[in-house]
Amino acid sequence: MQGTVAHYDPQTRSGRLLLDDGREVAFPAEAFDASGLRLLRLGQRVRLDYDADGTLVRVTLPTFP
């Protein structure tokens, strides 16, 4: 699944994403930390990875494996 960064707080490393269907999803610092990224920009496209339980576990760039 993909979305767009709507808000990112570099101090807490958490934020909110706007999905393509219009829903807004919050992501915790753990999901950002799992990506290996150093920062996100507003409007940046990202990929959301969920575990089997439906928990958001990683927010990364769509081009990353």
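Predicted model: local features only at pLDDT ≥ 70, side-chain atom pairs only at ≥ 80, totals over all residues.
Hi everyone, let me start at a turn: in the hairpin of β2 and β3, four residues sit between the strands, and Gly 22 among the hairpin's residues takes a positive phi near 95 degrees. Strands here are DSSP runs of E with at least two residues, helices are runs of H or I with at least four, and both are numbered from the N terminus. Two strands count as paired if DSSP finds at least two bridges between them.

A word on the model before we go on. Residues are numbered from 1 along each chain as its sequence is written, and side-chain values use heavy atoms, with hydrogens and water left out.

Now the sheet. Five strands form an open sheet in the order β3-β2-β1-β4-β5, with antiparallel pairing. β3 and β5 are the edge strands, each pairing on one side only. From one strand to the next, the twist averages 40 degrees; for that angle, axes are lines fitted to C-alpha atoms, for helices over the stretch in contact, and angles run from 0 to 180 degrees between N-to-C directions.

Let me walk across the strands. β2 and β3 are antiparallel and share four bridges. Leu 18 has Glu 24 as its bridge partner in β3, and Arg 16 has Ala 26. Moving on, β1 pairs with β2 (residues 14-19) over six bridges, again in the antiparallel sense, and Thr 4 stands opposite Leu 18 in β2. On to β4: three bridges join β1 (residues 2-9) to β4 (residues 45-50), and these two run antiparallel. Gly 3 has Val 46 as its bridge partner in β4.

The hairpin of β1 and β2 also has four residues between its strands. Which residue takes a positive phi near 60 degrees there? That is Arg 13, and the positive value is in a residue other than glycine. With a relative accessible area of 33%, Arg 13 is partly exposed. For the cut-offs, buried means under 20% relative accessible area, exposed means over 50%, and partly exposed is in between, with a 1.4 Å probe and protein chains only.

Next, the inside. In soluble globular proteins, nonpolar side chains tend to be buried together. Here, the largest nonpolar core has 15 residues, and those with the most contacts inside it are Leu 17, Phe 27, Leu 40, Val 46, Leu 56 and Val 59. By nonpolar core I mean a set of buried Ala, Val, Leu, Ile, Met, Phe, Trp, Tyr and Cys residues joined through side-chain atoms within 4.5 Å. At least two core residues come from each of β1, β2, β3 (24-27), α1 (29-33), β4 and β5 (56-60).

Take Leu 17 as an example. Leaving aside residues up to four places away in sequence, Leu 17 touches, among others, Val 5, Val 25, Phe 27, Val 46 and Val 59; a contact is heavy atoms within 4.5 Å.

Over in β5 we find Thr 60. Is Thr 60 buried or exposed? Thr 60 counts as buried because its relative accessibility is 0%. Among the residues Thr 60 touches are Ser 35, Leu 37 and Val 46.

Last topic, charges. How many salt bridges does the structure hold? There are six, each being a side-chain nitrogen of Lys or Arg within 4 Å of a carboxyl oxygen of Asp or Glu. In one of them, Arg 45 meets Asp 20 at 2.8 Å, N to O. Arg 45 is partly exposed at 32%, while Asp 20 counts as exposed at 58%.

Arg 16 forms another with Glu 24, where the closest N and O atoms are 2.9 Å apart. Asp 21 and Arg 23 also meet, at 2.8 Å. Finally, Arg 47, Asp 49 and Arg 58 are linked in a network of salt bridges.
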